[in-house]
Amino acid sequence: MKKYITYLIVTIILIVLTEYTFAQANSQHTWSVNFGPEIIAPERKFWETHKIGMGGSVKGEYTFGKHSSVTINTGLLVFDGKKRSENLIISVPNDYQKLVAVPLKIGSRYYLGNFYFLGEAGAIFLSNYSNRTRASFSAGLGDKIRIGKQKIDISLRQEIWFGNSEQLNMTGLRIAYEIEWK
């Protein structure tokens, strides 16, 4: 527990320092679109049935305040199923099916310089797993790195897909190229 409190304090100090040393990532009242690959690591029971997922996403963002923006996000994620050990006593399928997911989420970001906190909620449309729609929530941290006039958006998030009998937890890393216009 002390380790997590220390990480939290260090993060807050870094956020305060970036507020005074870096310019805001996007100007107020601007639109931006970023797109790029994602890597998703399943957790808990989801890890027992599926491998690391890969895919891509497109995110639109409107910056309406000095520190605030709203986002809309969609994409495609694919998780290969793991193979089960064969049970000779009862007949059990040897592997889990591939999971294909299409997220559609809205959210917001709170900026401190180029560093931001993100929160998103929406729906995940699944196929080959349960063929149904689940509610989704994610929260995380990100940073926009300027390379000349271009920007790279890197974010790390914790995501939960809610279901009737189970929820699927995962951690995602996203690296995206951003285009901004006024």
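A residue is termed buried when its relative accessible area is under 20%, exposed when this value is over 50%, and partly exposed in between, as computed with a 1.4 Å probe on protein chains only. The structure is a predicted model, in which local features need pLDDT of at least 70 and side-chain atom pairs count only at pLDDT 80 or more, whereas totals for chains, interfaces and linings use all residues. Residues are numbered from 1 along each chain as its sequence is written, and side-chain values use heavy atoms, with hydrogens and water left out.

The fold was described through its strands, which are DSSP runs of E with at least two residues, numbered from the N terminus. Two strands are taken to pair if DSSP finds at least two bridges between them. Eight strands close into a barrel with antiparallel pairing, in the order 1-2-3-4-5-6-7-8. Val78 stands opposite Val100 of strand 4.

Charged side chains were examined next. Side chains of opposite charge can pair when their charged atoms come close. With a salt bridge defined as a side-chain nitrogen of Lys or Arg within 4 Å of a carboxyl oxygen of Asp or Glu, the structure holds 12 salt bridges.

One of these joins Glu38 to Arg157, with the closest N and O atoms 2.5 Å apart. This pair links distant parts of the chain, since Glu38 belongs to strand 1 (residues 30-42) and Arg157 to strand 7 (residues 150-162), 119 residues apart. Both Glu38 and Arg157 are buried.

A salt bridge also forms between Lys59 and Glu120, whose closest N and O atoms are 2.8 Å apart. Because Lys59 lies in strand 2 (residues 53-63) and Glu120 in strand 5 (residues 115-127), the pair ties together parts that are 61 residues apart in sequence. Lys59 and Glu120 are both buried.

Glu178 and Lys151 meet through their side chains in a further salt bridge, at 3.5 Å from N to O. Here Glu178 in strand 8 (residues 168-181) and Lys151 in strand 7 are 27 residues apart, and the pair links distant parts of the chain. Glu178 counts as buried at 4% relative accessibility, and Lys151 is buried with a relative accessible area of 4%. Through salt bridges that share partners, Glu178 and Lys151 are joined with Glu61, Arg109, Lys144, Asp153 and Glu180 into one network.

Key: Helices (H or I, at least four residues) and strands (E, at least two) are DSSP runs, numbered from the N terminus.
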